[in-house]
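This report describes the fold and packing of one protein chain. The sequence and the structure come before the description.

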Amino acid sequence: MQESEPFEHSLLVSTALTGSDLGYAALYSPAGEFAIYAIPATYLLAALAGWLAYRSGASKNTSLTIIGEVFVVAWWVKWLVSLALLIYTTFQTWKLAGGWPGSNATHHFFTADGIEITAPDRTSLFRWADISRAMETKKGFFFYQGKRLATFIPKRCLEGPAEIEIIKKFIARNIADATVLPS
């Protein structure tokens, strides 16, 4: 989505993620997506298991018992997988932030090359070409590499609508798969 006029701005955003920021970022992680798809898949699997049991000559009560058992097992599997994905995503976001939530500031420096992230123990550059997707919500901006959440910038860390608009311009110029809220 490159625009013709040059964009010579840069922006430095300092963030100190809190526990609620990590929780919010986890909603937009693979754990949240897994939970969305697991529920209908469980219904289909339970119905298929009950139907196959009934078609093979089992009584209605046995078929209903099988359906119930599939629901119980699927609930535990969904819970364990979602928890593992949630913990992993939260850990990755926490690690990117450089420590325990709120303990250290992380700096996001937006440039023409990409987003340079400086945490207390390391610096990394996410080139615009490597960022596959960006999404703006009411609480912040999410940047993804593939399906993995690369970084989250809470809007509470931005200094007003001007900085939000600058980030939106960087997104519009550099990321094809982007969702931003109307200005």
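## Overall make-up

The model is predicted. Its protein chain contains 4 helices and 8 strands. Read from the N terminus, the order of elements is β-α-α-α-β-β-β-β-β-β-α-β.

Of the 183 residues in the protein chain, 37% are buried. The accessible surface of the chain is about 10,800 Å², and carbon and sulfur atoms account for 63% of that area. When contacts between residues at least 6 apart in sequence are considered, 57% of them link residues at least 24 apart.

## Strand pairing

Strands β2 (106-110) and β3 (114-119) are antiparallel and are joined by 4 bridges. They make a hairpin, with 3 residues between the two strands. Within this pairing, H107 has T118 of β3 as its bridge partner.

β3 also pairs with β4 (residues 122-127), again in the antiparallel sense, over 6 bridges. A119 lies opposite R122 of β4. This pair is a hairpin too, with 2 residues between β3 and β4.

## Nonpolar cores

The largest nonpolar core holds 21 residues, and V13, F110, W128, F143 and I167 have the most contacts inside it. At least two residues of this core come from each of β1 (11-15), β3, β6 (140-145), β7 (148-154) and α4 (161-174). α4 gives the largest share, 5 residues.

Leaving aside residues up to four places away in sequence, V13 touches T106, H107, H108, F110, I153, C157, L158 and I167. Another core, of 6 residues, lies apart from the largest one; A25, Y144, L149 and F152 are among its members.

## Helix α4

The 14 residues of α4 should span 20 Å at 1.5 Å a residue, and the C-alpha atoms at its ends are 20 Å apart, so the two values agree.

The buried residues in α4 are E163, I164, I166, I167, K168, F170, I171 and R173. An α-helix has 3.6 residues a turn, so residues three or four places apart point the same way. The packing partners of the buried residues of α4 are β1, β2, β5 (133-136), β6 and β8 (178-179).

Key: Residues are numbered from 1 along each chain as its sequence is written. This is a predicted model: local features need pLDDT of at least 70, side-chain atom pairs count only at pLDDT 80 or more; totals for chains, interfaces and linings use all residues. Side-chain values use heavy atoms; hydrogens and water are left out. A nonpolar core is a set of buried Ala, Val, Leu, Ile, Met, Phe, Trp, Tyr and Cys residues joined through side-chain atoms within 4.5 Å. Buried means under 20% relative accessible area, exposed over 50%, partly exposed in between (1.4 Å probe, protein chains only). Contact means heavy atoms within 4.5 Å. The expected span of a helix is 1.5 Å times one less than its number of residues. Accessible areas come from the Shrake-Rupley method with a 1.4 Å probe; for residues, only the protein chains shown count as cover. Two strands pair if DSSP finds at least two bridges between them.
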